[in-house]
Amino acid sequence: AVAEAGANVLRGGAFKPRTSPYAFQGLAEEGLKILQDTGKRYNMPVVTEVLDPRHVEMIDRYADMFQIGARNMQNFVLLTEVGRTQKPVLLKRGMSATIKDLLMSAEYILSQGNPNVILCERGVKGFDTETRNLFDVAAVPTLKTMSHLPVIVDPSHATGRPDLIPSCALAGVAAGADGVHIEVHHAPAEALSDGPQALLPPQYAALAKQLRRLSNLMQENAS
Ligand code: PEP
Ligand code: MN
């Protein structure tokens, strides 16, 4: 469904950084195989989170891109390890990390010789409990003034609310984001992780259409 809606990278977690050690932790290598097979079947590169420097080699065999999650943004050993590979790295902003902290973490990867880092704004800790995190849309143009690296937004983790995802995704693109990172599930109530924030496939398809129109409009305005 997401391929049909025009998504160009497929993301899925095989190693999940759950708050509780008793929550579903992911399918590990079996999950990587499912992800790789699915990516091949639909001709989409795949990205997945790496939690442990000991897993970098294994994940390198299955995925096209590494994700470093918010909780590991300052795991400098892990950053150094992915920096030694040739695969692109999706680096998510830590929940209490400043923009400078994020850029310094990117430097850990770049300084190892891997130039392909994509920065991701996914919301920071706020005081309001209406949303899961505080979506910092200003981080997008701010990062753009400080770095040449591509920047994407993750309105799924930033808000934790499917009803807010479309407006925040559009705001991210309007602010100059190069892409979006959105969680989709066909049966959110059955999802083993983050079901309550998932969009249904038709909701995702409608949003993808709007995002493409906005992006085209912005390109027209820029030329
Ligand atoms: C995720 O992308 O599934 C994830 C766990 O996000 P974050 O690291 O931003 O919390
Ligand atoms: Mn998630």
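Reader: Which residue in strand 5 does L91 stand opposite?
Author: L91 faces L119 there. Keep in mind that this is a predicted model.
Reader: OK, and how many bridges join strand 4 to strand 5?
Author: Four, and the two strands run parallel. Between them the chain passes through helix 4 (residues 99-110), making a right-handed β-α-β crossover.
Reader: What about strand 6, how does strand 5 pair with that?
Author: In the parallel sense, over three bridges. C120 is opposite I152 in that pairing. The chain gets from strand 5 to strand 6 by way of helix 5, and that β-α-β crossover is right-handed.
Reader: Is strand 5 buried or exposed?
Author: Five of its five residues are buried, so strand 5 is largely enclosed by the rest of the structure. V117, L119 and E121 cover one side, with I118 and C120 on the other.
Reader: Switching topic: which residues touch the most other members in the largest nonpolar core?
Author: That core has 52 residues, and the top ones are V50, I68, V82, L91, L119, I182 and Y204. Another core of six residues lies apart from it, and V47, L90, C120 and I152 are among them.
Reader: Last one, where's D136?
Author: D136 sits in the loop between strand 5 (117-121) and helix 5 (139-146).
Reader: And what does D136 touch, leaving out residues up to four places away in sequence?
Author: R93, I99 and E121. D136 is partly exposed, at a relative accessible area of 21%.

Definitions and conventions. Residues numbered from 1 in each chain as written. Chains lettered and ligands numbered in written order. Predicted model: local features only at pLDDT ≥ 70, side-chain atom pairs only at ≥ 80, totals over all residues. Heavy atoms only, no water. Buried < 20%, exposed > 50% of the residue type's maximum accessible area, 1.4 Å probe, protein only. Contact = heavy atoms within 4.5 Å. Core = buried A, V, L, I, M, F, W, Y, C linked by side-chain atoms within 4.5 Å. Pairing = 2+ DSSP bridges. Right-handed = clockwise from strand over helix to strand, strands pointing away.
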